[in-house]
Amino acid sequence: MKSIKSSWAEPYKIKMVELLKMTTPAQRKEALSEAGYNTFLLKSDDVYIDLLTDSGTSAMSDRQWAGIMLGDEAYAGSKNYYHLEEVVRDVYGYKYLIPTHQGRGAENILSKILIKKGDIVPGNMYFTTTRLHQELAGGRFEDIIIDEAHDPENEFEFKGNVDLNKLELLVKKYGAEKIPYVSIATSVNMAGGQPISMKNLRELREYTQKHNIRIIHDMTRVAENAYFIKQKEVGYDTKSIKEIVKEINSYTDGATMSAKKDALVNIGGFLALNEWDIFEEARNMVVVYEGLHTYGGLAGRDMEAMAIGIGESVCDDHMHARVGQVIYLGNKMMEYDIPIVKPIGGHGIFVDAKKFLPHLSQDTYPAQTLAAEIYQDSGVRTMERGIVSAGRKANGENYYPKLELVRFTIPRRVYTQAHMDVIAESVARVYENRKNIKGLKMVYEPQYLRFFQAKFEKL
């Protein structure tokens with residue numbers, strides 16, 4: 001008798017729906033042209049299935065919406081702040097909390113406090129806003145992720161791991177005093193949502209303690225990372241997501257958080273710290289850049305929704321379904337022989353544009369091109385994670401990342417399995433026509449974070 005597989009399923013039922021606009025190929029062609037072939041510049045009304053990002057695009061629960069009505073909008077001392085502070089201590093384990101309007105607000109404050117001109121900030125692969133804040137503060141990012149992370153076909157299970165030998169070389173070359181902290185992301189976005197192992201984190205903690213170097217955690221998708229540890233790392237299969245999240249954080253000294261991902265809210269973030277002196281400075285600085293330290297750019301209702309969402313994010317059933325949907329889409333794409341980053345990560349599928357469009361050079365923006373072609377085919381909006389996102393060096397030269405990817409980011413609790421089928425089928429159609437696809441040229445480039453606003457024309 002054939003064995004019966006155990007499928008993932010949503011641990012919720014649908015109470016309300018949002019109607020989507022269906023467009024024609026001619027309408028999509030016009031919309032793409034107006035947007036300069038940049039999916040960030042498309043109007044959401046012209047998008048059918050929106051996989052641009054999982055940031056702020058999740059569906060909030062009935063409990064979160066009920067929490068919205070409990071918003072205390074006092075300018076100072078909002079009760080929602082103290083609830084959020086209590087939840088952050090309980091779930092994440094950090095002592096002190098600075099709310100911010102979103103994750104990059106926390107990155108800005110942290111960078112201004114800890115980084116001096118000429119400092120080196122090692123990390124397990126760059127992220128766009130994180131690196132920019134580090135550079136604006138006078139620092140320089142250095143990649144210390146393991147080499148496997150730069151190979152889309154390598155199936156090592158923890159491609160977010162730090163290469164301690166790379167870190168040691170930096171310490172020997174510049175000295176530990178020039179390294180304000182090691183920047184660690186869980187579920188490394190630019191590598192394809194790849195997790196870091198608990199064993200690697202412990203080893204990193206031991207190394208940094210010997211050299212008196214902090215670890216600052218980008219914990220945007222820490223619960224997804226915890227899910228992979230539970231599934232793949234020896235000794236963690238019986239532990240809860242919540243227990244694993246707290247252990248991950250225990251090996252770090254502070255964290256920046258965009259709550260728009262894991263914590264299931266549409267806006268919000270925070271800076272979490274264990275050191276009083278840094279907290280005190282950050283508490284003072286948030287007043288300059290965000291708002292009073294008990295709201296930090298957020299309404300009380302947003303902080304309440306965040307506090308509730310954090311609790312929901314570390315529920316094992318939720319995370320099983322969340323990652324299960326991503327894995328389902330990845331497996332469907334592989335059935336069509338679509339080249340994707342392996343193993344499948346936590347928050348989306350990353351298509352390897354170099355292998356998809358091998359006839360296009362990186363200077364003709366293959367990932368940007370592919371994102372535009374997929375939208376043209378079906379109205380599915382994705383985004384580029386390659387040479388455009390990588391930006392330019394201080395001397396004006398382009399970075400040429402090894403990974404040239406199109407990210408299919410799955411919002412939490414939003415789309416159905418049928419949507420996943422439509423997405424995979426669209427990519428398969430584009431793949432069949434791949435030899436006829438021509439690249440793009442950039443005709444407008446902003447100074448910072450060009451992937452948000454750059455414009456292109458077809459070659």
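Which residues are buried in α5? In this helix, Thr128, Thr129, Thr130, Arg131, Leu132, His133 and Gln134 are buried, where buried means under 20% relative accessible area, with exposed over 50% and partly exposed in between (1.4 Å probe, protein chains only). The model is predicted, and local features need pLDDT of at least 70, side-chain atom pairs count only at pLDDT 80 or more, and totals for chains, interfaces and linings use all residues. Residues are numbered from 1 along each chain as its sequence is written, and side-chain values use heavy atoms, with hydrogens and water left out.

Helices (H or I, at least four residues) and strands (E, at least two) are DSSP runs, numbered from the N terminus. Just after α5, glycine 138 has a positive phi of about 100 degrees. Strand β3 (residues 120-123) is covered on both faces, with Ile120 and Pro122 buried on one side and Val121 and Gly123 buried on the other. β3 runs parallel to strand β4 (residues 140-143), to which 4 bridges join it; two strands pair if DSSP finds at least two bridges between them. Proline 122 has glutamate 142 of β4 as its bridge partner.

A further sheet is open and antiparallel, with 3 strands in the order β9-β12-β11. Its edge strands, β9 (348-352) and β11 (383-385), each pair on one side only. Between β9 and β12 (residues 405-409) there are 5 bridges in the antiparallel sense, and phenylalanine 350 is partnered by arginine 407 in β12. Helix α12 (residues 316-335) lies across β9 and β12 and runs at about 25 degrees to β9. Axes are lines fitted to C-alpha atoms, for helices over the stretch in contact, and angles run from 0 to 180 degrees between N-to-C directions.

Helices α1 (residues 25-34) and α14 (residues 366-378) have axes that come within 7 Å and cross at roughly 150 degrees. The two are therefore roughly antiparallel to each other, a term for angles over 145 degrees, whereas those under 35 count as roughly parallel, 65 to 115 as roughly perpendicular and the rest as oblique. The contact (heavy atoms within 4.5 Å) involves Pro25, Arg28, Lys29, Ala31 and Leu32 of α1, and Ala372, Tyr375, Gln376, Asp377 and Ser378 of α14.
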